[in-house]
Amino acid sequence: MLREAKVVALTVLHTFLLAICAANGNQTCRPSSCGDIKKISNPFRLKGDPSGCGDPDYELVCENNRTMVNLEHGKYYVADINYVNYTIRVVDPGVEKGNCFSAPLYSLTREIFRSDKRAYFLNPHEATNTTVLMNCEQPISDGNYIPITPCNRSNVTSSSSQAYVYALVGGGDSLLVNDIKYSCTISRTIITQFLKPGNLSMSDLQEILPQGLDISFLPFRCKSECHVKGPYCDLDWTKNTVKWYSFGYWFSEYLESLRGETPGVKFLSFMFYFLINFIFYCPISFSC
């Protein structure tokens, strides 16, 4: 009976503290806009918005009436924000449609999306490719190598001896260093969508690159919802949603880990662990 009473009391305390946390997070902010992006709202914020609006990790900037996002190596145009699928589409500012090939300004690789501390991730269930731009000293007679005529050769090569520019497209992570011919050096490595390796031409790249890349901000839900639905959150990439573990499930698992301990030790260790999780995962000063 005493054990059941403790469980009920702790559950009530848990609900009360999370209610405070959720109340502190519900600040009403008007959407911002810039250029073609008419709705910039939580979790995003536009630079200059009130400090309590949006998340600083998702701050966008408005430059020359274009919405831009700062990624690993530079700023990218924001072509679209999808609040249903939790995706933002980014386009390299160096890419333009035209008769010649406008090379991306930056490399964009999977590695920058693999850190848990990143604001953006790649959906592992979305088909993507690795496209490599390279400079070569000699012409290559290989159907997988796409000849490129760059608009500005200085953007893709720094050596006059490497007069030939090619692109090589691989599926996912399948493109290996061994696939690069010895007379070539890599100038850009980028993630691309909507491309199927094989029988590709420069015009295919010119059509696809300006469409950009969809990256996900789905993990923000685990942070923003403040664990109200449960202490632990898993990403369900197939449905673009999150799964929550209930407090009851988590509590039963925690008690199981304390099997053999006295009731007093169980109670004190739980209270300590609970408060530590609340302080670090959902501070009442609120940025979660």
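Biologist: What do buried, partly exposed and exposed mean here?

Modeller: Buried means under 20% relative accessible area, exposed means over 50%, and partly exposed lies in between (1.4 Å probe, protein chains only). This is a predicted model, in which local features need pLDDT of at least 70, side-chain atom pairs count only at pLDDT 80 or more, and totals for chains, interfaces and linings use all residues. Residues are numbered from 1 along each chain as its sequence is written, and side-chain values use heavy atoms, with hydrogens and water left out.

Biologist: Is R45 buried or exposed?

Modeller: R45 has 8% relative accessibility, so R45 counts as buried.

Biologist: Which residue forms a salt bridge with R45?

Modeller: Side chains of opposite charge can pair when their charged atoms come close. A salt bridge is a side-chain nitrogen of Lys or Arg within 4 Å of a carboxyl oxygen of Asp or Glu. For R45 the partner is E59, with the closest N and O atoms 3.0 Å apart. R45 lies in strand β3 and E59 in strand β4, so the pair ties together parts that are 14 residues apart in sequence. Strands (E, at least two residues) are DSSP runs, numbered from the N terminus. E59 is partly exposed, at 31%.

Biologist: How many salt bridges does a search of the whole structure find?

Modeller: Four. Among them is D214 with R89, whose closest N and O atoms are 2.8 Å apart. This pair links distant parts of the chain, with D214 in strand β12 and R89 in strand β7, 125 residues apart. D214 is partly exposed at 22% relative accessibility, and R89 is partly exposed at 24%.

Methods:
Helices (H or I, at least four residues) and strands (E, at least two) are DSSP runs, numbered from the N terminus.
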